[in-house]
Amino acid sequence: MAALPVLTKKDLRSYVPDGFIAEKYKCKEGFASGEIEMESTSGTAEERVSVVWNQKWWDRSELAAAKLNAVLNNIFSRPHREAVLATPACSGNLCHVGESPMRERTIGNLLFLNQTPDPTAWDNKNIRRMVEELESFQPDIIEADPAYLSILSKACLSAGYTLCQPKCIVLTYEFPSQIHYRQIHRAFPGIPVVSSYGSTETGHVFTQCEAGSFHQNTATCYVDIQPLKTKFGNPDLGRILVSTLDNPWFVLLRYDVGDIALLNTGKECSCGRADGLIVPGVEGRTRDITFDTKGRIVTLKQLDDALEPATALLNYHLAQADAQHYSMSYEADPATQLNSADILPDILHRLYGSDAIIEIARDSALVPEQSGKFRLAHTAWPLQAEEFF
Ligand SMILES: [Zn+2]
């Protein structure tokens, strides 16, 4: 596998659909029979790609991924209902922007809750509607973009609304930060929260088990972690390369999904599952890495973990202007006594270097990118993944 080149989004743009369809399969016939369709991934314009979507394979991938967590496996073993809370434009090809009644947003066992591209624009009417719809739908699972569920959780906690408690919360779509977990755990006390990692291109790749590790979904994918070059930091960090299995309509070999994981060399998981790769965590997107003043990579998870003591944080954005200059904007909960501004400089200097020049400012209006995803960190200059791995 290591001898093969890495497949990139650029390759998909050039060769989808014919370049990735198995030899005996005819693309025209697949489209005509309805077995496959074209779909676009979410994300920013430069990230977006078209893929060949095979619903049956996706369902197999989802089902196999659910087996990697005891709570999910139990729910998936019988008919169940799922409420989805994410950007209204990235739930498959569906788009629910604007005002549409609940029955139009209910498709099979799924309820698509959100109708607003920017969740920071939700007003009380929106929040109440979602609370009431959850109450009447009684989902077994809430599948959510962590940023969106955290905003809903916070709004309900502030307004004193009680949220319907599902059997399980599944976080996907973007990196789950401590700022999200804090609000979600407060609004859903005792409910298991599972992180699920995958993409439109590759299906379900890793599921977090009940012990907290991420297990590879060996039924529908093979994963390589290509290590970081040592001059950029810990070589146990690497980019996630996925090869799809058992999907003749979209055969990917060593596809760079655009995310980083931490390898768990030689360790077993206490849950007992031993099949495939087991990693302690997904570290965030490659495009969201920053660098310390020595030029070593700081992943989004490393930044996020470092910020954990700043428990008043509701949102943040770290921008790196050059090798030494950083600026952080943050929103903090006015209700808590802890003044995050006091501890942020120390945290950031420990992470980026004592010679880092850091500006910190409170900002009450951190909004998502046009794709509907919130970006927590970025460098002012463009990054080429090949350079680092
Ligand atoms: Zn495990």
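Predicted model: local features only at pLDDT ≥ 70, side-chain atom pairs only at ≥ 80, totals over all residues.
The overall dimensions come next. Along its principal axes, the C-alpha trace of the protein chain spans about 60 × 55 × 40 Å. As for burial, 39% of the 389 residues count as buried. The secondary structure of the protein chain consists of nine helices and 21 strands. Its radius of gyration is 21 Å, close to the 21 Å given by the globule rule for 389 residues, so the protein chain is as compact as a globular protein of that length.

One part of the strand content can be followed in detail. Strands of a sheet pair through backbone hydrogen bonds, in either a parallel or an antiparallel manner. In this model, an open sheet is built from four strands in the order β11-β12-β13-β15, with antiparallel pairing. Its edges are β11, covering 221-227, and β15, covering 281-285; each of these edge strands pairs on one side only. From one strand to the next, the twist averages 40 degrees.

Within the sheet, consider the pairing of β12 with β13. Strand β12 holds residues 237-244 and strand β13 holds residues 255-262; the two run antiparallel and are joined by five bridges. Which residue in β13 stands opposite L237? The residue is L262.

Definitions and conventions:
Residues numbered from 1 in each chain as written. Pairing = 2+ DSSP bridges. Axes fitted to C-alpha atoms, helices over the stretch in contact; angles between N-to-C directions. Rg over C-alpha atoms; globule rule 2.2 N^0.38 Å. Buried ≥ 20, exposed ≤ 12 C-beta atoms within 10 Å, placed from the backbone.
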